[in-house]
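Have the sequence and the model at hand, and follow the text one step at a time.

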Amino acid sequence: MPESVKRSTPPEVDRVAASRAAVAARRARAAVKASVAAGERSPLDVLRVAFEDAESAEGRLRVTEFLTSIPAIGVTKSARILEDLEISTAKRLGGLGRLQRRRLREFVAAWIAAHGGTGDRLVVLAGPTAVGKGTVASYIRRHHPEVRLSVSATTRSPRPGEVEGESYYFVDDAEFDRLIDSGELLEWATVHNANRYGTPRGPVEAAIAAGDSVLLEIDIQGARAVRRAMPEATLVFLLPPTWDELVRRLVGRGTESPAEQQRRLETAKVELAAVDEFDHEVVNHDVPEAAQKVVDLMRPRSGRR
Ligand SMILES: Nc1nc2c(ncn2[C@@H]2O[C@H](COP(=O)(O)OP(=O)(O)O)[C@@H](O)[C@H]2O)c(=O)[nH]1
Ligand SMILES: Nc1ncnc2c1ncn2[C@@H]1O[C@H](COP(=O)(O)OP(=O)(O)O)[C@@H](O)[C@H]1O
């Protein structure tokens, strides 16, 4: 055994290991910063990982290191931003409190939108039952032809007036199984304990590759699955103005039995708590106004990268 190792006392060995680990951690943090600086990774994606795991390289990144890796944010600007957001410059991303996380995420999303960033190609619109997802999505379809709306596959039967390939691709259980098995769905879920719904992967990937923006109007489980499959997606949570208004919309729509309405409202209560997982909240007071807010997220004000 070499002399140097023989002489190493356990504390020294610990110190060597600790310093190796520190170098590796510093390298990992530098790699995160470099990928953001090069535009290879969305800063929103870095935040997501940091907030999920405080001990990851992303979570250990100091807020100043994070902000200054975003192109066009220097040290001075970063200090001003952090002052506005009431976040100490010494904080690490993983150590931020709930409100600080929210403020930082909102700031970064707005920055990306204003600077033609990358987070806006794939936008997911989700929210509890009867909040108006379908109404807002169909308003966008009519008034914003430049936005591509993903058409889902479903095992439910067509309702009067629904058009195959426009409202949905209506398929039977065997075909839905085949779509899952062949990996043709980006995500799928059983919604309201009834039918299966899924997003065809091909059209979404083709639209993004062509530089278009795609909107998915899906349920909350679906939004979570899209986040796992495509972390760069922007998740928008549509909220009702009040709980009573949500109840009024569900009852007013008149498409469910009172028992089914009750069941959906129970689910809605749980789902409303998921709002913090989303990048943006839009309150659906008024359909054109809510639609505009969603579309604004998809169309950066000063062009695209
Ligand atoms: N996960 C997932 N959910 C979807 C998809 N397409 C539609 N949904 C959701 O399925 C639910 C039921 O939709 P629909 O049958 O049109 O009835 P609605 O209850 O009148 O909106 C809504 O919450 C949609 O957001 C999809 O592709 N994936
Ligand atoms: N901003 C709004 N103000 C008033 N009513 C609305 C608004 N948005 C949607 N609605 C109504 O609420 C009901 C539920 O909307 P819908 O789009 O079917 O919800 P979801 O797709 O989220 O289940 C519908 O009757 C719709 O006309």
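How many Å separate a polar side-chain atom of Arg264 from an oxygen atom of ligand 1? The model is a predicted one, and in it that separation is 3.2 Å. Taken alone, ligand 1 exposes 570 Å², and the protein buries 90% of that area.

In the side chain of Ser152, an N or O atom is 2.7 Å from an oxygen atom of ligand 1. For Arg159, a polar side-chain atom lies 3.3 Å from an oxygen atom of the ligand.

Now look at the whole shell. Ligand 1 is surrounded by 17 residues, and the closest are Ser152, Arg156, Tyr168, Glu187 and Tyr197. Sorted by class, this shell holds eight charged, five nonpolar and four polar residues. Two elements give two or more residues to the shell: strand 5, residues 185-191, and strand 6, residues 195-200.

These two strands can be traced next. Strand 5 and strand 6 run antiparallel and are joined by six bridges. At one point along them, Leu185 stands opposite Pro200 of strand 6. The two strands form a hairpin with three residues between them, and in this hairpin His192 takes a positive phi near 50°.

Strand 6 has a further partner. Strand 3, residues 153-154, pairs with strand 6 in the antiparallel sense over two bridges. Within this pairing, Ala153 has Gly198 of strand 6 as its bridge partner.

Is strand 6 mostly covered or mostly open? Five of its six residues are buried, so strand 6 is mostly covered, where buried means under 20% relative accessible area.

Key. Residues numbered from 1 in each chain as written. Chains lettered and ligands numbered in written order. Predicted model: local features only at pLDDT ≥ 70, side-chain atom pairs only at ≥ 80, totals over all residues. Heavy atoms only, no water. Near = heavy atom within 4 Å. Polar contact = N/O pair within 3.5 Å; in protein donor to acceptor, adjacent residues only side chain to side chain. Areas by Shrake-Rupley, 256 points an atom, 1.4 Å probe, with all protein chains shown as cover. Helix = DSSP H or I, 4+ residues; strand = E, 2+ residues; numbered from the N terminus. Nonpolar A, V, L, I, M, F, W, Y, C, P; charged D, E, K, R; others polar. Buried < 20%, exposed > 50% of the residue type's maximum accessible area, 1.4 Å probe, protein only. Pairing = 2+ DSSP bridges.
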